[in-house]
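Q: I would like to learn how to read a structure such as the one shown below, feature by feature. Could we go through it together?

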Amino acid sequence: MNNKFKLIIIGSIILMLLFIFFYKKETLVIESDTRNDIYLPIETFELHWIHSIEKEEWYEVYTIVDQELLLEETYFKTFGAGVPNESDTTAEVTEDGFVKYTVNDKYPNLYLNVSDNVQTKIVQGDQEILLYEIYEPYTAVEISVEYIPLIKRILGGNYEEKR
């Protein structure tokens with residue numbers, strides 16, 4: 001091999017390593033103090049749980065807008081503590097009996113406590129991430145949108161790799 005070819009190979013390897021270490025991608029991050037972060041693609045997701053008093057399923061639909069979590073809609077079956085009673089649009093009743101409210105509130109992050117009592121989970125597309133099976137009961141987690149280096153995603157945190 002001549003020196004020019006060696007320099008091209010070495011330069012290519014250096015560029016690839018720089019890309020892996022410094023390229024950051026917008027990522028949905030679930031973090032806690034008790035486990036490695038979970039990284040999910042930037043896509044619409046639903047946050048599901050069983051209401052602690054009413055014992056009925058409740059879920060919220062979020063999209064990512066300008067690195068924030070936009071709560072678009074909330075669905076519930078019974079009225080109780082924390083249930084919205086005002087909306088810019090009229091509430092609808094879905095075919096499966098949920099009351100649907102359009103909300104459209106933005107949050108920089110979400111904080112929640114995970115519990116198998118309320119079966120906290122995230123649904124993204126066809127994938128269900130059962131937080132109550134991943135974390136110990138009553139673990140506090142934060143959901144946010146962050147720019148994560150590619151190397152960090154490769155080394156761990158992607159949910160599919162942890163299954």
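Q: How many salt bridges does the structure hold?
A: Side chains of opposite charge can pair when their charged atoms come close. The structure holds 4 salt bridges, a salt bridge being a side-chain nitrogen of Lys or Arg within 4 Å of a carboxyl oxygen of Asp or Glu. Please keep in mind that this is a predicted model, in which local features need pLDDT of at least 70 and side-chain atom pairs count only at pLDDT 80 or more, while totals for chains, interfaces and linings use all residues. Residues are numbered from 1 along each chain as its sequence is written, and side-chain values use heavy atoms, with hydrogens and water left out.

Q: Which residue meets Lys106 in a salt bridge, and where do the two lie in the chain?
A: The side chain of Lys106 meets that of Asp66, at 3.6 Å from N to O. This pair links distant parts of the chain, since Lys106 lies in strand β7 (residues 99–107) and Asp66 in the loop between β4 and β5, 40 residues apart; strands here are DSSP runs of E, at least two residues long, numbered from the N terminus. Lys106 is partly exposed at 41% relative accessible area, whereas Asp66 is exposed at 66%, where buried means under 20% relative accessible area, exposed over 50% and partly exposed in between, with a 1.4 Å probe and protein chains only.

Q: Is Lys100 buried or exposed?
A: Lys100 counts as buried because its relative accessibility is 16%. Its salt bridge partner is Glu92, with the closest N and O atoms 3.8 Å apart, and Glu92 is partly exposed at 42%.

Q: Which residue forms a salt bridge with Glu128?
A: Glu128 meets Lys121 through their side chains, at 3.3 Å from N to O; Glu128 is partly exposed at 40%, while Lys121 is buried at 17%. Elsewhere, salt bridges that share partners join Glu73, Glu92 and Lys100 into one network.

Q: In what order do the strands of the open sheet run?
A: Strands of a sheet pair through backbone hydrogen bonds, either parallel or antiparallel. Here 4 strands form an open sheet in the order β2-β1-β11-β8, with antiparallel pairing, and two strands are said to pair if DSSP finds at least two bridges between them. The edge strands, each pairing on one side only, are β2 (38–40) and β8 (109–114).

Q: How many bridges join β1 and β11?
A: β1 and β11 pair over 8 bridges, and Glu31 has Glu142 in β11 as its bridge partner. β8 pairs with β11 (residues 139–149) over 6 bridges, where Leu112 has Val141 as its partner.

Q: Which residues touch the most other members of the largest nonpolar core?
A: A nonpolar core is a set of buried Ala, Val, Leu, Ile, Met, Phe, Trp, Tyr and Cys residues joined through side-chain atoms within 4.5 Å. Of the 20 residues in the largest one, Leu28, Ile30, Phe45, Leu69, Ile122 and Ile143 touch the most other members.

Q: Where does Gln124 lie, and what does Gln124 touch?
A: Gln124 lies in strand β9 (residues 121–124) and counts as buried at 4% relative accessibility. Not counting residues up to four places away in sequence, the contacts of Gln124 (heavy atoms within 4.5 Å) include Leu28, Leu40 and Phe45.
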